[in-house]
Amino acid sequence: MLEPRPALGTLFLPSLLAIFLLSTAAALILSYSFLSYSLQEKEEESTMSVSLFDGQQIPLVGLGTWKSKPGQVESAVSVALDAGYKLIDGAHVYGNEQEVGNALKEKIGAGLNRKDLFIVSKLWNTKHRESDVRPALLNTLKDLQLDYIDLYLIHWPISFVPGDNKFPKNPDGSMQYDSVPPLETWRAMEKLVDEGLVRYIGLSNFNSQQVDEIMSNCRIQPAVLQCEAHPYLNQQRLLDHISKYKIVFQAYSPLGSPDRPWARSGEPVLLDNPTVAEIGKRYNKSVAQVLIRFQVERGVVVIPKSVTPERIRSNFDVFDFKLTQEEMQTLLGLETNWRACLPTIEVDGKQVPRDAGHPHYPFNIPY
Ligand SMILES: NC(=O)c1ccc[n+]([C@@H]2O[C@H](COP(=O)([O-])OP(=O)(O)OC[C@H]3O[C@@H](n4cnc5c(N)ncnc54)[C@H](OP(=O)(O)O)[C@@H]3O)[C@@H](O)[C@H]2O)c1
């Protein structure tokens, strides 16, 4: 006996509905996972960089290269770029920009996009006169084998007499100073941006009043102020001061610069601090990683130097933990106003700051 045939609509409509429901669900699941993936990507990107005054991004962690010997720095930069670093901090006075350039050339040749990198250099104290600024940058570009850099800083507000001797000295050993007004140098720096030779210009070792002077008279504003900063010299007041101008703070010597050439026994060793070590233990992180995260947490770009591959990699491994507000306060509470980076000379058997008598010496006021 033949089964009665169901009407076409009773079979067709439910299956159509089922197909519709299934495909809608699949589309929803797909778009949700795509959305959450791109949100996660975005969040990761945003925790690894910070906005400059014009909304463009600067990476939060970079590699420092002061004291990295020519024989070591090329490999240090290569290891860093392989580990994910995008920002390399250098300077003409470090005497190693050619080797840094070799590593950049190799990696860019091997597929790394130049546009993804953020290369920083600094104008040395003997090149502050207006006519010396452009040639100094061209020299750095030649050494780095690049046709532009991302950020060029005035290394110090003080100037030395012009010439090729980076540390010109009088017969008695004192420095031969020049007194070029920082504004004169700044005008020449601005022209480098006009020419497309540098994307951003900035300052290093300027105090709050010196920053104010540039801000009140500039045509192109400083993007970055690079100064020493770590828990023994947290620079919170200077950081707050420049934040109103949307200038990004870049922290140098974030680990206390233990390899600084003038280190003496008995001076503080930040990397041995037990409070920082204790915080690190909670996250299974080293003292260095906590010191680096301390800066990242407050939106400060940080440029630890290392030539040791394992350290280079671990110094960048700071984006998978967060410090609490209480831990940040504890670290800020370690302030002692101690500077690692203060060239000194001996006068009457005592160490005194070498450049304190210069009219543009930055550290004669609190910040
Ligand atoms: N604008 C300025 O006037 C100015 C002044 C100073 C510095 N800077 C910039 O800031 C960068 C960083 O400052 P800095 O070089 O003075 O000192 P730093 O980064 O505070 O310390 C560098 C020292 O720490 C060691 N180190 C690195 N990572 C470590 C880790 N995970 N554990 C233990 N030790 C570690 C390094 O040793 P190894 O290298 O042997 O691994 C080196 O001896 C400089 O390289 C430079 O680019 C700028």
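A residue is taken to be near a molecule if its C-beta atom, placed from the backbone, lies within 6 Å of it. In this predicted model, 31 residues surround the ligand. The fold includes an open sheet of eight strands with parallel pairing, and helix α10 gives the largest share of the ligand shell.

**Ligand shell**
- Gly64, Ser257, Asp259, Ala288 and Lys305 are the closest of the residues around the ligand.
- Classified by residue type, the shell comprises 14 polar, 11 nonpolar and six charged residues.
- Helix α10, spanning residues 309-316, contributes three residues to this shell.

**Sheet**
- The strand order of the open sheet is β3-β4-β5-β6-β9-β10-β11-β12.
- Strands β3 (62-64) and β12 (301-302) each have a single partner strand, so one side of each lacks a neighbour in the sheet, and both stand at its edges.
- Within the sheet, β6 (residues 149-154) and β9 (residues 198-204) run parallel and are joined by five bridges.
- Leu151 has Tyr200 in β9 as its bridge partner.

**Packing of α2 and α10**
- Two packed helices are described by the angle between their axes and the distance between the axes.
- For α2 (residues 70-83) and α10, the angle is about 35 degrees and the axes lie 9 Å apart.
- The crossing of α2 past α10 is right-handed.
- On the α2 side, Ala76, Val79, Ala80 and Ala83 make the contact, while α10 supplies Pro309, Ile312, Arg313 and Phe316.
- This contact has seven nonpolar residues, one charged residue and no polar residues.

Definitions and conventions. Residues numbered from 1 in each chain as written. Predicted model: local features only at pLDDT ≥ 70, side-chain atom pairs only at ≥ 80, totals over all residues. Pairing = 2+ DSSP bridges. Helix = DSSP H or I, 4+ residues; strand = E, 2+ residues; numbered from the N terminus. Nonpolar A, V, L, I, M, F, W, Y, C, P; charged D, E, K, R; others polar. Axes fitted to C-alpha atoms, helices over the stretch in contact; angles between N-to-C directions. Left-handed = near helix turned anticlockwise from the far one by under 90°. Contact = placed C-beta atoms within 7 Å.
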